[in-house]
Amino acid sequence: DLRGNPREAADDDEKARQAVSVALSRAKRTISRKHTPLWRHLNKYLKTGLLCCYDPDPPLTWITS
């Protein structure tokens, strides 16, 4: 309730955006304690907001095996 008026519920897209943003923040916080260089990289190149964007400069090739 906002000044006697009911609040409008966030639409599904906004709820999803917020959930992803919270999950990424939580993951980055965990990574910061376990792998500081990776956290620095993600903190610099992973942006959240209206859209999520991972855009390292220069582009990277990840080896995950």
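The model is predicted: local features need pLDDT of at least 70 and side-chain atom pairs count only at pLDDT 80 or more, while totals for chains, interfaces and linings use all residues. Residues are numbered from 1 along each chain as its sequence is written, and side-chain values use heavy atoms, with hydrogens and water left out.

The chain has 2 helices and 2 strands, in the order α-α-β-β from the N terminus. These elements are DSSP runs numbered from the N terminus (helices: H or I, at least four residues; strands: E, at least two). Of the 65 residues, 11% are buried (under 20% relative accessible area; exposed is over 50%, partly exposed in between, 1.4 Å probe, protein chains only). Among contacts (heavy atoms within 4.5 Å) with a separation of 6 or more, 22% join residues 24 or more positions apart.

Asparagine 43 lies in helix H2, residues 36-45. Its relative accessibility is 35%, so asparagine 43 counts as partly exposed. Its C-alpha atom is 9.6 Å from that of serine 25, 18 residues away along the chain.

Leucine 60 follows strand S2 (53-54) and is partly exposed, at 45% relative accessible area. Together with Tyr54 and Trp62, Leu60 forms a nonpolar surface patch with about 310 Å² of accessible area. Patches are made of residues with over 30% relative accessible area and no salt bridge, like charges being joined within 9 Å and nonpolar side chains (Val, Leu, Ile, Met, Phe, Trp, Tyr) within 5 Å; a salt bridge is a side-chain nitrogen of Lys or Arg within 4 Å of a carboxyl oxygen of Asp or Glu.

Key. Areas by Shrake-Rupley, 256 points an atom, 1.4 Å probe, with all protein chains shown as cover.
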